[in-house]
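Subject: Handing over the structure

Hi,

Here is the structure I promised to pass on to you.

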Amino acid sequence: MSPRLRHLTTLENLPRDTIERLLDRAEALRDACAHGTRKLSVLAGRTVLNLFFEPSTRTRTSFELAARRLGADVVNFDIGFSSTSKGEELFDTLHTLEAMHLDAIIVRHKQSGTPDELVGHAMSGVSVINAGDGNRAHPTQGLLDVLTIRQHRPDFENLIVVICGDIKHSRVARSDIHALTALGTKEIRVCGPSTLMPSAEEFPKVHYVENFDEAIRGADAVITLRLQKERMAAIDLPDEAAYFSHYGLDQRRLALAAKGCLVMHPGPINRGIEIASDVADGAQSRILEQVGNGVFVRMAVLNELLAR
Amino acid sequence: MSPRLRHLTTLENLPRDTIERLLDRAEALRDACAHGTRKLSVLAGRTVLNLFFEPSTRTRTSFELAARRLGADVVNFDIGFSSTSKGEELFDTLHTLEAMHLDAIIVRHKQSGTPDELVGHAMSGVSVINAGDGNRAHPTQGLLDVLTIRQHRPDFENLIVVICGDIKHSRVARSDIHALTALGTKEIRVCGPSTLMPSAEEFPKVHYVENFDEAIRGADAVITLRLQKERMAAIDLPDEAAYFSHYGLDQRRLALAAKGCLVMHPGPINRGIEIASDVADGAQSRILEQVGNGVFVRMAVLNELLAR
Amino acid sequence: MSPRLRHLTTLENLPRDTIERLLDRAEALRDACAHGTRKLSVLAGRTVLNLFFEPSTRTRTSFELAARRLGADVVNFDIGFSSTSKGEELFDTLHTLEAMHLDAIIVRHKQSGTPDELVGHAMSGVSVINAGDGNRAHPTQGLLDVLTIRQHRPDFENLIVVICGDIKHSRVARSDIHALTALGTKEIRVCGPSTLMPSAEEFPKVHYVENFDEAIRGADAVITLRLQKERMAAIDLPDEAAYFSHYGLDQRRLALAAKGCLVMHPGPINRGIEIASDVADGAQSRILEQVGNGVFVRMAVLNELLAR
């Protein structure tokens, strides 16, 4: 069995059994919650701090709920999102927080690699959890996505999963690909404007299919990504309506997928841009299950890193 | 006995026995606090979320204290007050929060009716509590106001209550009128500039008395409302000093009321505009009692909605 | 034995035995923490409110951690830092908070004397703790500084302590001088540009030494203060590099001090302005110990003021 994690900054190169252990734990917590156990005390007396250099109320709240439901105290360190804290200034902040005897720091930063830099400079037993760094990784999102898929389709070796949108700038896509790869997914396809694709070298086993109709054919799960509106300039398309006609998930396209294809999105959704309203709200949508799984996955991660 | 409430969005049409049950509960919690019980555990393991689209530190803190004193966890969802979240975007936020297994959402929004829209779209067992929506309702303020009156003058059928100020745009006034009406108050008078009065049809049993000296004569309680300074433009008066001379509560006017007339204000007060300092700080002022009752009323509401 | 404190607004004129009682308590809490006791329940059911009119994430977080580790609930009252609340408006806020049955209000305000005004106007049993007011006092910083010194050098009657920087505008310096004086420190020296020194009358027993090389000679502890960059205009020096060459603590200067001289700074540090990086990170630096002691000192103060 792989050793217990002390930090979680990326899913890249994480052993399959570690990922499965986290998913199993999340599942057990979900079952306990369904049976009425709303609060545990495994982290009683521990303190978790949210250090968000980019605003994200949803993710921060999900982590806050996860930590509290394990009995931990949570402190939001309001760093001010104007701060571009990096280098020595960032490490001084880290060391100050460590000196206050925290157990975990949950960090979001627009600079890729910041969580690993914090790990490299940590002097105490504090655990670092990446809540999203630049374009690089958003490991708990990757975990909650594969957990959601596994709850419906545990046979990853038979699955075709499509990720559609701006893959190049998406930490969600990267963590999804790492998790799906670790679990042995049969085929991962990415789809979107060619200018928003990663280099072929980055993910040699991932298939790029430019045409969404072709990409979705036979897919068992499709993950649509939020279009950052400032990316429209980089795309050879006149407007959001054109984006939707090329890369939007609507009922016609969903019908091309395998029967029961899971519809997923990390949220918040842009209705009518990357996904049609009736698909987002339809019977195949797993979007709200993803949100619920997010809390359980984060509880599992905190439990893995902090429990004695 | 009226059935237990699941949501609280308005006091309009709430049965008298429901209101009295909430007031009795608030009173019992107040007594327990006076005897040293500062924290209960009836809501242990439950999570309450503050979703404030308008800033209100006082009200938010009052709800936060109420929830914590019942043992609940409280999360402040900092939506950013620039957000004008409505329609699908608002409901997506609601559904996201529901998916995180919250027990109650306390919402303040500048658009009247938003809390009822949330109730209409809620998919889970979450309770919605209105902390103020537009001009429409502020039910916990209405409850704390009648609780404060009841502690001194429980004989509502003998009472004359005056509300003075901008009734038209006041959710506090509306919730006060609903609560006072339900409890059988003998006479409710409103007073203020004619341009700031509601239509006669809205409250057919409420008496509009333009002249404050006349309105306050014989009153057992007078509720002065905060003047929103941007309303001065809608009033045929040159300045705030003129407003005070017409509608300000001073000692001379208070002497026209019944002996022991209760002086109330939802806060924060504008001294010298709607109320004279010596009246606000005087022996008949119940303004701080209102604040204290606010916490107990909110505890009672949370207990009503959430306790098993 | 001096009576228990009800408020803590300044260290000025505090009896030595009171200061020592607080330091002893902080030390005991530090020992308990080192042996694994991360959370106590002495303040269970009590509520502490942070009322910060100036932003200070570090100090606020330190107080928040301290209160939670004693079992108290903590509410952050986000007053909006644009507010210049003073006079009646400030006292109305105080009375509103008191009416909500809080146990302690931790206040930071840019106006010197605000915490004492709150004490003067408090109507209930609420305790006021000063988290920094103007140039006047930052008593918990003073306590954590002398605690840090005492852990290494408890023989204050033999110690020479130097404080270097903008003494005139520093509440940290004032609270340090008060604490060091109460504990019988042999010699306190201040150093810095003459325009940034307090009047000779304010601290008659403190020695002003303009030249840092002279000031540090034989010192047992040196406290460097953060240079507020807007103060450069008041100094007869061309730039920050010149400030560093005159008043920066580097290895050459530290070598002039007594062997093992403690290097201290209230943080956050400006590397290369008031302190050289290698000194801040060096073996003699106590800067992170100060941060850790800050939590224990604040626990001790909350325990002194609030425990039954």
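Let me begin with one residue. Setting aside its neighbours within four places in sequence, A:Ala257 is in contact with A:Ile216, A:Gly218, A:Ala219 and A:Val222 (two residues are in contact if their C-beta atoms, placed from the backbone, lie within 7 Å). You will find A:Ala257 in the loop between α9 (251-254) and β9 (262-264) of chain A. Helices (H or I, at least four residues) and strands (E, at least two) are DSSP runs, numbered from the N terminus. A:Ala257 counts as buried because 22 other C-beta atoms lie within 10 Å; the term buried asks for 20 or more other C-beta atoms within 10 Å of a residue's own, while 12 or fewer make it exposed and anything in between partly exposed, with C-beta atoms placed from the backbone.

A word on what you are looking at: this is a predicted model, in which local features need pLDDT of at least 70 and side-chain atom pairs count only at pLDDT 80 or more, whereas totals for chains, interfaces and linings use all residues. Residues are numbered from 1 along each chain as its sequence is written, and chains are lettered from A and ligands numbered from 1 in the order in which they are written.

Next, the domains. Chain A is assigned domain 1 (16-137 + 291-306) and domain 2 (139-287), with bounds that come from an automatic or database domain assignment. Their C-alpha centres lie 26 Å apart. The contact between them takes 20 residues from domain 1 and 17 residues from domain 2. On the domain 1 side, α1 (16-34), β4 (127-133) and α11 of chain A each supply at least two residues, and α11(A) gives the largest share, 6 residues.

Chain A also touches chain B, through 18 residues from chain A and 16 residues from chain B. On the chain A side, α2 (57-69) and α11 (287-306) each supply at least two residues.

Finally, how do chains C and A relate? A rotation of 120 degrees with 0.0 Å of shift along its axis superposes chain C on chain A (RMSD 0.0 Å). That is the relation of a three-fold axis. Copies are superposed by least squares on the C-alpha atoms of residues with pLDDT of at least 70 in both.

Best wishes
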